[in-house]
Amino acid sequence: MSPESEKVGKELAAALGGPTAADRTAFPGGVGDQGDEARTRNETVEKASLAAGSFSLDPAMPATTASLPPHESVVEAVGPYRIVEQLGEGGFGVVFLAEQREPIRRRVALKVLKLGMDSRQILARFEAERQALALMDHANIAKVLDAGTTAAGRPYFVMELVKGISVTEYCRQGSLSTKARLELFILICQAVQHAHQKGVIHRDIKPSNVLVAMQDGAPTVKVIDFGIAKAINQRLTEESLHTGIGQLVGTPLYMSPEQAEMSPLEVDTRGDIYSLGVLLYELLTGTTPFERERLQQASFDEMRRIIREEEPPLPSARLSTLNGEAASTLAGQRRTEFWRLVQSLRGDLDWIVMKCLEKDRTRRYETAAALATDIQHFLADEPVNAAAPSALYKFKKFARRHRVPLGAAVTTASAILIGAGLAIWQAAVATQARAEAESAQTETMEALRSATDDVVEKLIGSKASLGPRERSYLEAAIERWKRFAAYKGESALARRMRAEGAFRIAYLQAKLGDYEEALANFQTAIRLFEKLSQDFPAEPSFLHDVVTCQHNLANLHASRFDFLTARAVYEEARKKLIELGELEFDKRHYRSLLARHYHNLGNVLRHLGERPEARSALTTALEIWMELSLTDDAFRREL
């Protein structure tokens with residue numbers, strides 16, 4: 001045996017898991033002249049890979065000496081591949097860094113079955129992983145390059161060497177924005193979709209099985225470790241391979257409820273959709289839906305119950321619970337303000353994630369491609385298919401979660417009051433379900449309102465004309481607001497949703513130049529808000545909304561040079577302002593609203609040639625603004 005081979009053999013015997021200095025080279029496809037961002041991402045992956053100590057295809061498994069028995073402590077080669085060092089090991093296989101000399105020179109990852117792991121079931125599972133990988137040909141899935149049997153009769157297969165780190169670690173090290181994280185996640189979905197199309201379910205999607213490597217100066221993902229993959233409607237091996245009843249397969253933190261059930265129920269591709277949802281949750285929030293420590297400390301049955309029955313919080317809600325230091329750290333990693341980060345998750349991203357995490361798999365995305373498409377729609381500011389669950393569905397879930405106490409309540413109520421008691425109970429639960437649904441709708445509406453205002457005022461408002469992209473965004477936003485304009489129910493909140501939906505649709509239609517439709521919707525909004533103001537006279541916000549709608553309607557008339565109608569609408573708004581001033585309303589906001597009113601009215605009067613009246617209105621507006629400015633100075637001095 002050569003001195004070089006003996007040296008490598010001794011290193012293997014010592015089970016040194018880290019790469020040698022010679023291995024620690026730059027990634028293929030050098031940075032070159034690619035700009036700072038590409039260079040930073042390249043360095044992020046390289047540094048983190050070196051810090052991790054290996055380029056392992058199973059980085060979660062440390063190298064150990066247990067896989068190498070004494071009589072095999074010095075290993076020089078496996079087939080035509082020279083062993084360099086051990087990278088890691090899994091339940092039944094060991095992964096080595098190896099060099100191929102002929103017919104081409106390259107470094108590869110070689111996975112060989114452990115000695116003694118030659119039972120029929122393990123051999124079948126090892127062969128199943130080899131066949132599963134061989135079936136697939138996708139840029140984001142680690143490729144099988146070769147396969148064979150060692151001199152000792154143990155099967156092995158050779159994979160491309162993935163020089164990368166876990167996707168979550170890459171995002172953390174590179175301080176990736178939410179948008180960049182979603183773009184990487186789309187690549188993961190496309191890889192999983194390819195596997196599903198080839199008839200293979202991964203069953204263990206998690207960060208350590210999704211690596212990010214640099215290729216031609218750009219990050220690319222590689223899905224690895226199909227060790228517990230399952231075939232759909234085909235046989236991966238000649239041996240019959242089944243998961244036994246009562247056997248838990250997968251990683252609990254990322255496991256679907258049907259996997260945790262351990263029942264004869266067949267796990268299908270939607271189990272991978274659930275795991276993708278957990279991964280997306282972690283990419284967006286920095287944590288998993290269920291806390292790692294809690295699952296680790298729970299008993300086996302309690303852990304399975306949590307996965308099967310408990311509903312995780314919305315991603316935005318999970319972020320909202322962070323304390324100041326944790327919130328600041330997370331925001332810094334995303335290069336944004338914390339409130340903007342929370343706001344970006346509310347609404348569409350919340351519902352995309354929760355659609356993946358549905359306990360009922362029939363309510364999840366049907367395919368990984370459908371999930372990727374919804375994220376692409378979100379990134380393009382287009383409507384997404386995911387939406388908040390209906391009140392009826394939430395009620396059913398409430399009933400399932402509390403079936404024991406609810407069943408006892410039904411029995412007691414029947415015995416005491418029979419139909420009457422049951423009706424009261426049902427009404428109370430239905431009311432609660434409606435309240436929960438309306439609360440969720442309110443959160444969604446607030447997020448949509450904020451997003452609409454931000455984009456319209458900061459991006460569209462500064463442009464003289466709208467391009468195709470701006471028009472597409474406004475049209476998509478109108479479609480979302482139509483959900484609220486058509487909201488059912490007679491509660492004050494439901495009525496307000498309909499009124500604001502009509503107002504926002506009118507506002508966006510005015511931006512698009514659809515004046516007739518905008519006029520009609522402004523009038524509808526004014527009518528709905530006025531009725532709310534009459535029914536709830538002690539609530540000043542409804543009267544404020546009437547004035548806001550009237551101002552926007554008057555502005556629309558003025559933009560069409562119908563100054564007479566605009567003045568009439570402003571006069572109506574002035575009457576409402578007088579009423580609003582008599583109520584307990586935020587005085588500072590009221591004065592600011594009054595100043596805008598006089599300013600806009602003054603401009604209309606100037607166009608009508610009524611200069612003295614215009615001067616008086618504009619002077620009043622100026623005096624109020626000066627007063628507000630002085631007040632601000634006083635506040636600053638006090639602080």
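Among contacts in the chain (heavy atoms within 4.5 Å) between residues at least 6 apart in sequence, 67% join residues at least 24 apart. The structure is a predicted model, in which local features need pLDDT of at least 70 and side-chain atom pairs count only at pLDDT 80 or more, whereas totals for chains, interfaces and linings use all residues. Residues are numbered from 1 along each chain as its sequence is written, and side-chain values use heavy atoms, with hydrogens and water left out. The chain contains 24 helices and eleven strands, where helices (H or I, at least four residues) and strands (E, at least two) are DSSP runs numbered from the N terminus. Of the 639 residues in the chain, 48% are buried, buried being under 20% relative accessible area, exposed over 50% and partly exposed in between, with a 1.4 Å probe and protein chains only.

Confidence is expressed as pLDDT, the predictor's confidence in each residue, from 0 to 100. The mean pLDDT of the chain is 74, and 67% of its residues reach 70 or more. Confidence in the chain is lowest in helix H1 (residues 3-13), with a mean of 40, and highest in H7, at 95. Over residues 233-246 the pLDDT stays under 50, and for this stretch the model has 27 contacts beyond four places in sequence. Residues 391-397 also have a pLDDT below 50, with 14 contacts in the model beyond near neighbours in sequence.

In soluble globular proteins, nonpolar side chains tend to be buried together. A nonpolar core is here a set of buried Ala, Val, Leu, Ile, Met, Phe, Trp, Tyr and Cys residues joined through side-chain atoms within 4.5 Å. The largest such core has 55 residues, and those touching the most other members are Val167, Phe185, Ile188, Leu276, Ile352 and Leu371. Elements giving two or more residues to this core include helix H4 (167-173), helix H5 (178-197), strand E9 (210-215), helix H7 (269-285) and helix H13 (348-356), and the largest share, nine residues, comes from H7. When residues up to four places away in sequence are not counted, Ile188 touches Val167, Val210, Val221, Leu276 and Leu279. A second, separate core of 26 residues includes Ala499, Val546, Cys549 and Leu605. Helix H13 has eight of its nine residues buried, so it is largely enclosed by the rest of the structure; these buried residues are Asp348, Leu349, Asp350, Trp351, Ile352, Val353, Met354 and Cys356.

Strands of a sheet pair through backbone hydrogen bonds, either parallel or antiparallel. Two strands are taken to pair if DSSP finds at least two bridges between them. Six strands form an open sheet with antiparallel pairing, in the order E1-E2-E3-E4-E6-E5. Strand E1 (77-78) and strand E5 (144-149) stand at the edges with a single partner strand each, so one side of each is left without a neighbour in the sheet. Strand E3 (residues 93-100) is joined to strand E4 (residues 106-113) by eight bridges, the two running antiparallel, and Gly93 stands opposite Leu113 in E4.

A further open sheet consists of three strands in the order E7-E9-E10, again with antiparallel pairing. Its edges are strand E7 (164-166) and strand E10 (218-223), each with a single partner strand, so one side of each is left without a neighbour in the sheet. The twist averages 35° from one strand to the next, where axes are lines fitted to C-alpha atoms, for helices over the stretch in contact, and angles run from 0 to 180 degrees between N-to-C directions. Six bridges join E9 to E10, and the bridge partner of Leu211 in E10 is Lys222. Helix H5 packs on this sheet, touching E9 and E10, and its direction makes about 35° with that of E10.

Most residues other than glycine have a negative phi, and most peptide bonds are trans. A cis peptide bond, with omega about -5°, joins Glu102 and Pro103, and Pro103 lies in the loop between E3 and E4. Ser175, a residue other than glycine, has a positive phi near 50°; Ser175 is placed in the loop between H4 and H5 and counts as buried at 19% relative accessibility. Phe561 has a positive phi of about 65° and is found in the loop between helix H21 (540-559) and helix H22 (563-581), where Phe561 is exposed, with a relative accessible area of 66%.
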